[in-house]
Amino acid sequence: MACELCQKPALLLCTGCRCAYYCCDDHQKTAWASVHSKVCRLVGALGSARAFCTLEERRQRDETVRQQKLRIMQTSIMCGTRHIFSDRPGLAMPAAKQALTMAAEVFGASSVELIRPFLMLASACVLLGELNSAEGYLSQGEWTLIYAKSEDHALRAWLFRGWGQLLAARREWVQAKWCCAEDVHHCAEAFGPQDVRCTLGYFRLAESLLQMEKFDIVSSLFRQIVTIWQQYFYGEVEEGEVPHRLSDPEVIEALHVLTLIRKSFTSTGDDAAAGSSLAALPPGMAHGSVVKV
Ligand SMILES: [Zn+2]
Ligand SMILES: [Zn+2]
């Protein structure tokens, strides 16, 4: 048997699911903290396949397995996103790999569903300082998108965000800014320019412009982020309009953005107008106690 984490020969078996093997205590503990504690039961259910007799039973069984794998994938994406935005890249890696495996099993090895796990792996690698590995994962994500001939703006935005993060880590600010601008453009195409899901893109764009000392644009981008969030919490909803409900990973991202902008305003402290309007946001927001979902 191979270790879930490093693929080395493994003898330690998880007693919960009796499916996951590990080479050492350390890898079992890491996997548990990363994602396995959340999916152990589901993984165990996958392993306990009952024998089937009729075609109909077989069809039902296949569908159940598919749904279980889909839940493992979604849970892994949640865990990975949380670890990345909490700056725990080492814990994000196993979750992202689990998401990738499940996405490939459910949707096929060249499906666009693999792009998100690839980007999570890239993001974790950037945070770990493994920039060449990050580039490898981003390229795989990009090839998957090209192969699928997908025109999906949200996926394109994510890919550009990933490249932007890598180039910023390499301190190549001009190219990083270009990728961030593409991220914002595709996000705006996908969700509309005033959508909260665009705000991380705006923030990353502002960060690279800050490095290029374009303070005026940075200031206006920060104000834009604050305005979008105020509209989201306090704005009028037009009749017949259904407000977008953020998915769980989107909520984690949103809280991350709000923490980032709050930190920026307290550290710079020179943008009084935007700073005071930000102060009007619910005080618990940055700690996750108040979130509209
Ligand atoms: Zn191992
Ligand atoms: Zn287990």
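## Zinc ion (ligand 1)

The four donor atoms around the zinc ion (ligand 1) form a tetrahedral arrangement, because they subtend angles of 99 to 115 degrees. Four donors count as tetrahedral if all angles lie between 85 and 135 degrees. The model is predicted.

Which residues hold this ion? The zinc ion (ligand 1) is coordinated by Cys-3, Cys-6, Cys-23 and His-27. The cysteines use SG and His-27 uses ND1. The distances are 2.0 to 2.3 Å. Along the chain, the donors of this ion follow the spacing C-x2-C-x16-C-x3-H.

Is Cys-3 buried or exposed? Cys-3 has 0% relative accessibility, so Cys-3 counts as buried. Cys-6 has 27%, so Cys-6 counts as partly exposed. Buried means under 20%.

## Zinc ion (ligand 2)

The protein donors of the zinc ion (ligand 2) are Cys-14 (SG), Cys-17 (SG), His-36 (NE2) and Cys-40 (SG).

## His-36 and Cys-40

Both His-36 and Cys-40 sit in helix 1, which covers residues 25-47. They are four residues apart, so about one helical turn separates them.

His-36 counts as buried because its relative accessibility is 4%. Cys-40 also counts as buried, at 9%.

Conventions. Residues are numbered from 1 along each chain as its sequence is written. Chains are lettered from A and ligands numbered from 1 in the order in which they are written. This is a predicted model: local features need pLDDT of at least 70, side-chain atom pairs count only at pLDDT 80 or more; totals for chains, interfaces and linings use all residues. Side-chain values use heavy atoms; hydrogens and water are left out. Donors are N, O and S atoms within 2.8 Å of the metal (3.2 Å for Na, K and Ca); water is not among the atoms, so sites may look incomplete. Helices (H or I, at least four residues) and strands (E, at least two) are DSSP runs, numbered from the N terminus. Buried means under 20% relative accessible area, exposed over 50%, partly exposed in between (1.4 Å probe, protein chains only). Four donors count as tetrahedral if all angles lie between 85 and 135 degrees; four count as square planar and six as octahedral if opposite donors are over 155 degrees apart and all others between 65 and 115; anything else is irregular.
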